[in-house]
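User: I am new to this structure and would like a close look at a single part of it. Please describe the aromatic rings and the nonpolar side chains there.

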Amino acid sequence: MQRPTSQELFNAVDATWSAKCFIMHDGWMIREGAGGGQRVSAATLEAPLDSVNILNAEQKMEALGQKSLFMVRDSDAELDLVLEQTNYGIVDPVVVLANPVGELLNHKYTNHQTSLSQTPNQSAKAIWADGGIGPDRLAIMERVTEPKAIIQSGDMGVAFTASHKGIAMVHAVEVSKDHRRKGVANALMYKAALWAQDQNCDWLAVLTVRENIPARTLYETLGMTEAAAYHYRFKRSV
């Protein structure tokens, strides 16, 4: 089974964790995030670097009421250098981990009960809120038009998943503080793999900040390996 390319994974991210609006502007993809965080607010390069102007992207983001922020993918080395030279700093390197769905289902998982739903109940909202996932990010989940589901393990943990062209992406994995290190996240990922199988997806993928060692350890224990990477560049104060 052929591994998804970085671009296929990034396309799946956009489809399963959607910006309010995608605007193609002078060779840049500008994302209107509506307060939903960096992932839905960062601009990406969609044309040869020598044919675009960074200032045009900055002005468009400013017109949307957003700070200048660029998502620099593992294929954007030249852009990365130019942004570094124009006073942009690095923040939050991210790794995309993936594994075939069938292999994930072969792992041993805990016996926590899990359920699927289309809309979050109050318990799910409370778990997410405690983890800093508030209304703006709930709005992201609501506007996703691809097949999607909310995975919940009672009042212990919750996650969001959606699929795009054979790739199921898992987002917003959150376990309540009193139930961490008890296999809850493990159970949520297993349910996500079962859901992905039902959607005829070949791959399950998840994103995490590279420095989040506990999350990376969990996913790597399940056999997930790095398939793509990116970081953000933000305009430093003068």
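Analyst: **Aromatic rings and nonpolar cores**

Phe10 and Tyr230 are both buried (under 20% relative accessible area, with a 1.4 Å probe and protein chains only). The model is predicted, so local features need pLDDT of at least 70 and side-chain atom pairs count only at pLDDT 80 or more, whereas totals for chains, interfaces and linings use all residues. Residues are numbered from 1 along each chain as its sequence is written, and side-chain values use heavy atoms, without hydrogens or water.

Rings of Phe, Tyr and Trp (its six-membered ring) pair when their centres lie within 6.5 Å; planes under 30 degrees apart are stacked, over 60 edge-to-face, and the rest tilted. The count is five aromatic pairs. The ring centres of Phe10 and Tyr230 are 6.0 Å apart with planes at 75°, so this pair is edge-to-face. Because Phe10 belongs to helix α1 (residues 6-16) and Tyr230 to strand β11 (residues 225-235), the pair ties together parts 220 residues apart in sequence. Helices (H or I, at least four residues) and strands (E, at least two) are DSSP runs numbered from the N terminus. Ring pairs join Phe10, Tyr230 and Tyr232 in a cluster.

A nonpolar core is a set of buried Ala, Val, Leu, Ile, Met, Phe, Trp, Tyr and Cys residues joined through side-chain atoms within 4.5 Å. The largest has 28 residues, of which Leu104, Val170, Met189, Leu204, Tyr219 and Met224 touch the most other members. Helix α7 gives the most to this core, eight residues. A second, separate core of 19 residues includes Phe10, Met169, Ala227 and Tyr230.

Conventions
Buried < 20%, exposed > 50% of the residue type's maximum accessible area, 1.4 Å probe, protein only.
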